[in-house]
Each structure stands twice: as C-alpha cells, then as structure tokens.
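Grab a pencil and have a look at the protein shown here. Below are a few exercises, each followed by a worked solution.

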Amino acid sequence: MRRFEWILLLTSVFAVAWPVLFGVRPRRGIVAGMIAAALVAQIQVEGVRWQLIPLYLLSVGLAIGDILFVDRTLKWTNRVSRGLFGFLGMGLVFTLPTVLPVPALPVPSGGLSVGTFSVELIDGDRTAVYGPQPEGPRRIMVQVWYPAEVTDSQTRGLWSTDWDVVAQGMSRRLGLPGWFLNHTKHIRSNSVENAGVAMGTFPVVIYSHGWTGFRTIAVNQMESLASNGYIVLAIDHTYGAVATRFPNGDVVRYLPEALPPITAGRDAHMTAAQKLIETFADDIGSVMDALERGDRGPFAFVSATADLSRTGIYGHSTGGGAAVRFCLLDDRCDAVLGMDAWIEPLPTQVIRETMDKPALFMRSDGWRGTENDAMLRGLAGRGEALTYWIGVDGAGHNDFVATPLLSPIAAQMGFKGPISAGRIIPIIDNYLVGFFDVYLLGTGSAALETVRFREVTFEVIGR
C-alpha cells in the first residue's frame with residue numbers, strides 16, 4: 001500500500017480502536033475531520049483505485065457515525081462488539097489493496113539515471129500485413145530508454161502512459177473484467193521523460209515482446225539495462241501487442257486471427273505463427289534501419305550516443321523467436337538473448353542457418369523438455385559461437401516479464417510460477433545485464449559464469 005493509503009487506513013483504525021480501548025468516543029468532529037483530511041489527501045495525491053472502495057466506504061461511515069452519535073460513551077457490550085466486528089472489517093478492507101497493490105518497480109541495478117521517450121515509426125518500405133487496411137505502410141510504436149542527465153527538479157514518469165487501453169486489454173486476456181488492472185495506471189517508473197542524454201557512446205539493445213505483450217511489459221529490464229550503460233528500444237508489435245496507442249489517438253488492439261488457437265488446427269496455427277514471428281522480426285529490422293538514419297531519423301535524440309557496431313537483440317516468447325530469426329539472417333545483430341524463445345514455427349530454411357552470434361537462452365519450467373526446447377538446443381549445438389543454456393526452476397512463462405510484480409499472490413492466481421518475485425527478478429537481471437556486458441561491452445564473463453542461484457541450471461554450449 002502507498003503512503004496516503006496507509007494514513008487513511010490507520011486513521012480508520014484509530015476511529016474504531018479508540019472507543020474500544022477507552023470506552024468513549026473522541027470529541028465530536030475530531031474523527032470526522034481526520035478521516036476527511038486523509039481521504040482527500042489520498043485521492044488528490046495518489047488517485048482512486050477500486051481496491052480501496054471498501055476502505056472508502058468504511059471511512060465515510062465512521063466519519064458520519066462520529067457526527068451523528070450524540071452519546072460519546074460506550075457500554076462494555078458495545079465495546080466488545082465494536083472491537084470484534086470493527087477489526088474484522090478492517091482486516092477485510094486491508095486485504096484487497098494488499099493482494100492487489102500499486103506495485104513499486106525495483107530500483108535499476110546500474111548507477112546511471114534513465115531517460116525515456118516514445119516515437120511512432122512508419123516504415124514506407126513495408127506493407128502492413130494485418131488490420132483493416134493491409135495495403136498501408138507498417139506502423140509501430142517504439143519506446144527508448146537511455147543513460148540520462150537528470151536534474152533534481154525532474155520527476156519520474158509513469159510505467160506506461162497508455163495504461164487505460166493496455167490494462168483493459170490485459171485484464172480481458174486474463175479472463176477478468178476490463179477494469180480489474182486499472183490500478184496499474186498509478187505505477188511510477190524509474191525513468192524521466194525526455195531527460196537529457198548522458199555523455200558517451202552506448203551499445204544498443206532491442207527488445208521484442210511476446211504475443212499480446214506490449215513495449216513496457218518488462219520495463220524493469222529496460223531500466224536496468226539503461227542504468228548499466230545501454231540504449232534500449234522496445235517495440236509495440238502492432239496487432240500482436242495487446243493494445244497500441246498512436247500519437248494521433250488511434251488505438252489498435254491485438255488481432256486474434258493473427259494467431260488462432262491450436263484448437264483451430266495445428267497447420268493453421270503454425271502457419272499464422274510463422275507469419276507473426278516474421279512480422280515481429282521485420283519490425284526489429286525497421287528499428288535498425290531507422291537507427292542507421294542517425295540524426296535524420298526518428299531516433300535522432302539518441303543517435304549521437306548510439307553505437308550500432310555493438311547491438312544486441314532479445315525477446316520473450318514470440319518476440320524471442322523473432323530475435324532468433326533476426327539474428328540468424330541479419331549481420332547487424334552481435335548477440336541474441338531469448339526468454340522462452342518460441343522458434344518452433346520458424347521455417348526449415350531459417351532453422352538450418354548457422355548461429356554465429358553468442359546467445360543466451362533462459363527457459364521456464366513449462367518450456368523445458370518440449371519440442372521447441374529440442375529445436376533450440378539443436379540450433380545452439382550447431383552454432384559457431386557460445387550459447388548459455390539456462391533453466392530456472394519454479395519459473396513460469398510470465399515470470400520473464402513484469403508479472404511477478406503485480407501481486408504477492410500472483411502465483412496462487414495462476415499468473416506466474418511458484419518462484420518469488422524477490423528471486424526471479426535478480427536472476428533475470430544478473431544474466432540479462434551480464435550477457436550483454438560480456439558481448440557488447442567486452443567485460444569478462446566471470447560475473448555471468450560464476451554467480452550461481454540455487455534455482456538455476458547453467459550450461460555453456462560450444463565451449
């Protein structure tokens with residue numbers, strides 16, 4: 001719970017507890033005034049969220065009772081009943097905002113401040129393959145995080161400025177009411193919008209999300225990389241992202257036909273998946289092309305500090321498959337990292353390509369021992385560069401994004417694996433940053449290869 005939520009809760013606890021402990025209500029108006037002040041402050045500073053509705057109702061009821069009850073003294077029977085039912089009610093109103101909090105993003109692991117901005121990228125050389133007007137150019141949104149010069153007067157921005165559409169889409173994808181995740185709009189990032197770029201040159205890392213993901217779905221990873229000296233670009237793969245808002249106000253939601261369920265037929269599913277991964281990979285190529293335009297392109301703000309001779313690509317699930325596809329076919333990739341990378345739909349001629357870039361593959365419990373895992377292992381075994389082969393015990397597929405931060409009972413709700421957020425986040429951070437440090441910054445591999453977590457199985461292929 002946030003600061004003013006705690007203040008409102010504790011004010012209500014005081015209103016319940018004082019008459020129970022001392023048998024007399026405070027002077028009329030004191031409790032009502034305290035609750036009114038706490039309620040207004042919470043709403044004004046932190047904003048309304050539906051998990052607090054029971055607390056709002058309880059607080060208002062206590063304030064009204066403070067004004068209406070003339071008799072300030074309580075009989076012992078009333079004290080007992082007030083204590084029993086009052087504290088039971090307080091427990092209930094405390095539980096909901098606790099199990100569905102406004103998460104605090106982890107502090108980035110590096111020592112640099114982080115800036116961010118978003119741009120629309122229109123690739124006139126590509127024809128859109130999805131949507132009502134497939135003959136138009138491909139449009140995608142890209143967000144950039146970078147090492148920044150931040151002043152004390154600048155404040156951190158929101159995790160996403162599009163949460164009103166993204167949260168609704170996420171909720172419905174989880175089979176929940178559209179408003180269920182609306183509280184996530186209050187999450188603060190560790191980045192400052194449009195902060196000045198730090199001096200120096202920095203390697204580039206491009207991130208590709210999974211099916212029905214979105215560009216900030218792993219924002220803690222973006223911020224961690226940027227704080228360690230990388231320029232990071234994350235793509236909203238339009239019609240594959242759960243929802244995308246463009247600067248002109250257009251909102252594009254994911255297109256179910258782009259990846260029909262396997263129950264519709266395996267052939268149709270895999271054909272669509274192949275097209276989807278190819279589209280995601282081509283989006284990565286569009287970002288690279290735009291970066292190469294330097295100060296004449298959409299990323300001019302960071303072009304002077306972006307070192308394109310050191311470029312890493314990584315992704316999750318479908319985006320991980322796109323990262324692998326791109327790095328098999330495009331020499332502009334210097335290192336590739338996949339989290340549950342889905343390569344099974346890749347065509348045979350692509351899979352037969354030799355992986356000549358260093359790679360790291362992290363796999364959750366459900367993705368190990370599968371046909372996809374065997375294909376990925378074969379690709380690594382035939383490669384000409386080292387591959388780090390990592391399994392994370394207790395991790396679910398969604399543990400490789402920011403899902404672990406959403407709730408302390410996310411595992412019980414079926415959103416993630418049993419591994420705790422306090423374990424999976426540092427594990428990912430260690431291998432993500434460590435891998436790119438070795439192959440883009442040229443640091444030694446000791447941190448990558450000697451740090452061990454009890455949940456991690458670690459192997460180096462091709463040594």
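Helices (H or I, at least four residues) and strands (E, at least two) are DSSP runs, numbered from the N terminus. This is a predicted model, where local features need pLDDT of at least 70 and side-chain atom pairs count only at pLDDT 80 or more, while totals for chains, interfaces and linings use all residues. Residues are numbered from 1 along each chain as its sequence is written, and side-chain values use heavy atoms, with hydrogens and water left out.

**Exercise 1.** Work out how many helices and strands the chain has.

Step 1: Count the runs, and you get 13 helices and 13 strands.
Step 2: Now look at burial, where buried means under 20% relative accessible area, exposed over 50% and partly exposed in between (1.4 Å probe, protein chains only). Of the 463 residues in the chain, 56% are buried.

**Exercise 2.** Find the residues that touch the most other members of the largest nonpolar core.

Step 1: Start with the term: a nonpolar core is a set of buried Ala, Val, Leu, Ile, Met, Phe, Trp, Tyr and Cys residues joined through side-chain atoms within 4.5 Å.
Step 2: The largest one has 63 residues, and the top spots go to Ile 206, Ile 231, Leu 233, Val 287, Phe 299 and Val 324.
Step 3: Helix H7 (residues 266–292) gives the most to this core, namely 11 residues.

**Exercise 3.** Describe how H7 and helix H9 (residues 318–329) cross.

Step 1: Their axes (lines fitted to C-alpha atoms, for helices over the stretch in contact, with angles from 0 to 180 degrees between N-to-C directions) come within 8 Å and cross at roughly 60°.
Step 2: Angles under 35 degrees count as roughly parallel, over 145 as roughly antiparallel, 65 to 115 as roughly perpendicular and the rest as oblique. So H7 and H9 are oblique to each other.
Step 3: Contact means heavy atoms within 4.5 Å. Among the residues making it are Phe 280 and Ile 284 of H7, plus Ala 322 and Phe 326 of H9.

**Exercise 4.** Is Asp 334 buried or partly exposed?

Step 1: Locate Asp 334 in the loop between H9 and strand S10 (335–339).
Step 2: Its relative accessible area is 26%, so Asp 334 is partly exposed.
Step 3: Leaving aside neighbours within four places in sequence, Asp 334 is in contact with residues including Arg 310, Lys 357 and Leu 440.
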